[in-house]
Amino acid sequence: MKTLLRGRLLTFHADPAETEDNHRYIEDGALVVENGRIAALGRYSDLAAPEMVEIDHRPNLILPGFIDPHIHFPQVQVIASWGVQLLDWLNRYTFPAEGRYADPAHAEPMASAFLDLLLAHGTTTACAFASVHPASVDALMSAAEARSMMMLAGKVMMDRNAPDYLRDTPQSGYDDSKRLIARWHGRDRLRYAISPRFAITSTPEQMAAAGALVSEYPDLSIQTHLSENHAEIELTLSLYPHARDYLDVYETYGLVGPKTLLGHCIHLTPREIAKMAETGASAVFCPTSNLFLGSGLFDAEGLRRAGIVTAVATDVGGGTSYSQLQTLNEAYKVMQMRGQRLHPLAAFHWITRGNALALGLANRIGSLQAGGDADLVVLDARATPAMALRAERIESLAEELFLLQILGDDRAIAQTYVAGRPMKPARAA
Ligand code: GUN
Ligand code: ZN
């Protein structure tokens, strides 16, 4: 069956920060959706046909679904924990919460709640860290499969500097990861991401085991953390005394390449910046987390100019919102603090096609393209009284996007489609 979605279409084919010809906007546009894919897109008048079921989203915007390239699934009950910076936050709040995910009876309902939150906030794909327990990956992947979502996830590998109940070993981390790859990678729309948590929680032997996985499965994404916090960097360098810098730990074990997503990247040295540009590893900016944990101000413009692929993510539960709109709001402010400007077109490119590029999935998601997956978000710039009032004075698409970026959250998500299926109950008119 074909469905016709009518609305104001916006999609990007290049980064507005780099290229003038970067987006396509169709005021009275339509998407033909069939079997979970976009069969065609264009002007409504060119595509309307009597045999199709029509859903009219005017005057709302239809964009590709948002992509969150760095989030922690077992931290849904950690978000909004008071008073500390990274290492104390991990020990005091995060590790105890992640310990509960050994139990499928806890992990399963949390996985459903987590994915429903993402969808309510317009996010259709995420790259997620699970806990150390394989059961947590099973819970998340099963819940994603039930929703037909494109999802990347991996169990964190961590064999030191964490409580007993959260430690694997180099061998068990390797074996469990391999079993999970066999079970989940490539099934439906699911992908496995090799996930050594960060240098502090892995011994050199475990880093080598993660490197072995990378050479056995070169197509898989790799996710970890880099240079988020000064105490973290100092401890890392004391644990790896032969490393030239933090990134060198990951380089030594073959973990740095174009499939690598490095969360945070705030306090990088010039050598690390040059190496990231050379290898094609992505730097993932997590603004709400960086402000909440007092980690520092990401240099988005500097890293982009250095030739590094950048992505932008929530990092819940260090991050304080599931909303990629609110993430862009805080990104704008962090960039202001550095004297940089985040243009709204560049912002919306970032959370759609930009993040898809970092995940290596831009051929399927992140833009509206014939043959691409029908993962979509419908945005209402008048969703709240404050937004509606401000919207009265909007004169351009860029102004409308900026309003969504600064005042928008889950209330501005009128609908989310996953593989062509609406995932939110229809709102009363
Ligand atoms: N570094 C290692 N683990 C984590 C985590 O769970 N959250 C954040 N923000 N940083 C980390
Ligand atoms: Zn993180």
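## The cavity

The structure holds one cavity of 30 Å³ or more. Here a cavity is a set of points, on a 1 Å grid over the protein atoms alone, where a 1.4 Å probe fits but cannot get out. This is a predicted model, in which local features need pLDDT of at least 70 and side-chain atom pairs count only at pLDDT 80 or more, while totals for chains, interfaces and linings use all residues. Residues are numbered from 1 along each chain as its sequence is written, and side-chain values use heavy atoms, with hydrogens and water left out.

The largest cavity has about 100 Å³ of space, a volume being the space filled by probe spheres set on the points. Its lining residues (those with an atom within 4 Å of a point) include H72, W89, R197, H225 and D315. Helix α2 contributes the most to this lining, with three residues. Sorted by class, the lining has four nonpolar, five polar and three charged residues; Asp, Glu, Lys and Arg count as charged, and Gly is among the polar ones.

## The pocket

A pocket, by contrast, is an open set of points with protein on both sides within 12 Å along at least five of seven lines. In the largest pocket there is about 340 Å³ of space. It is lined by 18 residues, and D15, A17, R304, T310 and W350 are the closest to its centre. Two or more lining residues come from each of α11 (300-305), β13 (309-312) and α13 (344-359). Of these, α13 gives the most, with five residues. Nine nonpolar, four polar and five charged residues make up the lining.

## Helix α7

Next, look at α7, residues 230-239. Helices are DSSP runs of H or I with at least four residues, and strands are runs of E with at least two. The buried residues of α7 are E232, I233 and T236, where buried means under 20% relative accessible area and exposed over 50%, using a 1.4 Å probe and protein chains only. Seen down the helix axis, these buried residues fall within an arc of 95 degrees, so they line one face of α7; the arc is taken from the directions from the axis to the C-beta atoms.

On the other side, H230 and E234 are exposed. The buried residues pack against α2 (86-99) and α8 (246-252).

## Leucine 10

L10 sits in strand β1 (residues 2-12). Its relative accessibility is 0%, so L10 counts as buried. Leaving aside neighbours within four places in sequence, L10 is in contact (heavy atoms within 4.5 Å) with residues including H23, Y25, I62 and L401.

How values were computed
Chains are lettered from A and ligands numbered from 1 in the order in which they are written.
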